[in-house]
Amino acid sequence: MDKKLIINVSDHETRVALLEDGTIAELFVERKDESDIAGNIYKGRVQRVLPGMQAAFVDIGLSQAAFIYVDDVLDESSREFEKIFTRDIEDDGNSEPADTAQQINAKGVHIEDVLTEGQEIMVQVAKSSIGTKGARVTCHISLPGRFLVLMPTSTHVGISRRIEDESERNRLKSLMLSLREDDIGYIVRTAAEGVQEEKFAYEMDFLKTLWSNIQAKFKGASAPCLLHQELTVSLRAVRDILTHEAGEVVVDSRPTYESIVSFLETFMPSLKGHVEFYDGHEPIFDAYNLEGDITRALKKKVWLKSGGYIVIEHTEALVAIDINTGRYVGKHNLEETILKTNLEAVKEIAYQVRLRDIGGIIIIDFIDMAKKTNQEKVFNALKDALKKDRSKTHILPMSDMGLIQMTRKRVRKPLNRLLCEPCFYCDGEGYLMSGRSICYNIFREVMRDARDMTGGTLTIRVNPDIADLLHGDENHIIVALERVTGRQIVVYPNQDFHLEEFDIFESVRS
């Protein structure tokens with residue numbers, strides 16, 4: 001599969017698209033006013049401890065306080081907590097506690113035992129703020145490099161699950177144990193497969209030096225403050241995706257091109273030739289036909305090639321995806337038509353979930369299938385389609401009601417939250433009052449005030465679409481009002497009026 005990284009840089013925004021066979025598969029956006037802070041390390045101050053939630057709020061210098069759960073706290077005076085935590089390390093260097101809450105409760109460790117208000121702690125952002133929720137932070141620091149992830153609060157040495165060859169896993173484990181001079185944890189990333197000893201030694205020294213510098217800053221800085229900033233979105237993409245996911249980088253900014261080349265000279269000199277500077281007259285995303293796909297990824301309804309479609313609805317707690325046959329009528333029988341629509345929808349759902357970066361709980365409502373074997377086909381097809389996704393997913397089998405429940409690891413805002421905002425017309429409801437309902441509201445408003453009116457002519461100013469209705473299909477409303485009030489009614493269209501807006505006033509008698 002041909003994969004490329006396309007990087008578009010402007011003064012206010014950087015966009016990175018991962019292309020697979022010419023089709024956009026993932027999109028990363030970084031803006032100067034709201035950069036993704038996941039991976040940043042801060043010296044924070046505990047604002048408030050919440051025993052009832054086993055969590056605490058931490059001031060890290062942002063507009064919203066970050067929050068930390070008890071299972072993300074490390075007792076800095078000892079490594080006793082390291083025995084408690086079972087860390088589930090992903091290939092991208094992120095980590096999450098697994099079953100830690102039960103283990104902690106079993107040991108009787110509580111948030112009030114390890115944190116106090118005003119205490120200064122070092123934390124790393126595990127999840128950027130989303131909506132009204134502040135960033136989630138952890139004391140389990142991880143510093144990702146090209147081949148390794150340094151975990152100074154752990155002693156564990158692990159190998160990426162994506163390295164499947166057992167002999168290579170054993171070689172890497174032995175190599176790491178022989179090179180490690182201190183009691184610090186590491187994860188060997190997928191990109192390290194086949195890498196020789198000297199590259200590991202160099203990166204270990206680099207990451208340890210970085211960690212020492214962060215510790216020194218922590219001792220000398222006043223809270224809250226930033227201790228370490230994660231790489232820019234373009235350099236992160238190069239570090240994490242180049243070679244393993246993509247074989248070429250195309251960038252339209254000369255300074256960014258030079259920074260990428262400089263980064264590769266330091267860490268991956270053999271890949272310098274894989275970076276290309278784009279200087280075409282056409283915008284780079286237009287040249288690769290990406291803008292249309294991005295716009296499509298913001299729509300609720302996504303059409304399938306067969307004529308069916310899926311609808312993606314974001315709610316406060318979860319994302320619901322519904323599948324419909326639409327214009328597709330099939331060729332043989334209903335069960336076959338439904339199965340083909342569901343299987344086609346599976347591919348599109350996996351693609352859209354990845355492109356839109358949808359995380360958290362996802363409920364998929366497939367069209368009901370009578371045969372159990374067909375349900376299993378759809379379930380297995382979804383699992384296979386999600387294998388390309390670098391984010392961790394967990395899928396439950398299809399229920400008797402035709403629903404599949406799944407979760408996807410969420411680290412940053414989904415695409416629609418990043419690029420869109422609630423509609424100020426409908427307050428994010430996604431609906432406007434129908435034209436007919438607006439006409440009836442006008443009728444009721446006139447009738448409500450008719451007794452107090454003294455003018456000879458009644459003027460109604462409305463949106464042009466509503467004016468067309470009142471002069472056309474709903475003209476009976478005007479006729480009825482003139483008969484009941486005994487006054488002439490004049491309807492004026494106003495281009496500046498919102499669809500639901502109207503104004504009723506009397507003309508002054510001479």
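What follows is a short chat about a predicted model.

Q: What counts in this predicted model, and how are residues numbered?
A: Residues are numbered from 1 along each chain as its sequence is written, and side-chain values use heavy atoms, with hydrogens and water left out. In this predicted model, local features need pLDDT of at least 70, side-chain atom pairs count only at pLDDT 80 or more, and totals for chains, interfaces and linings use all residues.

Q: Ok, helix α6. How many residues has α6?
A: Helix α6 (residues 254-267) has 14 residues. Helices are DSSP runs of H or I with at least four residues, strands are runs of E with at least two, and both are numbered from the N terminus.

Q: Which residues of α6 are buried?
A: T256, I260, V261, F263 and L264 are. Buried means under 20% relative accessible area, exposed over 50%, and partly exposed in between (1.4 Å probe, protein chains only).

Q: Where do they sit around the helix axis?
A: Seen down the axis of α6, the buried residues fall within an arc of 160°, so they line one face. The arc is that of the directions from the helix axis to the C-beta atoms.

Q: What do they pack against?
A: β1 (3-9), α5 (233-241), β16 (248-251) and β17 (275-277).

Q: New topic: K32. Buried or exposed?
A: K32 is exposed, with a relative accessible area of 68%. K32 lies in the loop between β3 (23-31) and β4 (41-50).

Q: What is K32 in contact with, leaving aside neighbours within four places in sequence?
A: D11 and H12. Contact means heavy atoms within 4.5 Å.

Note on methods: Expected span 1.5 Å × (residues − 1).
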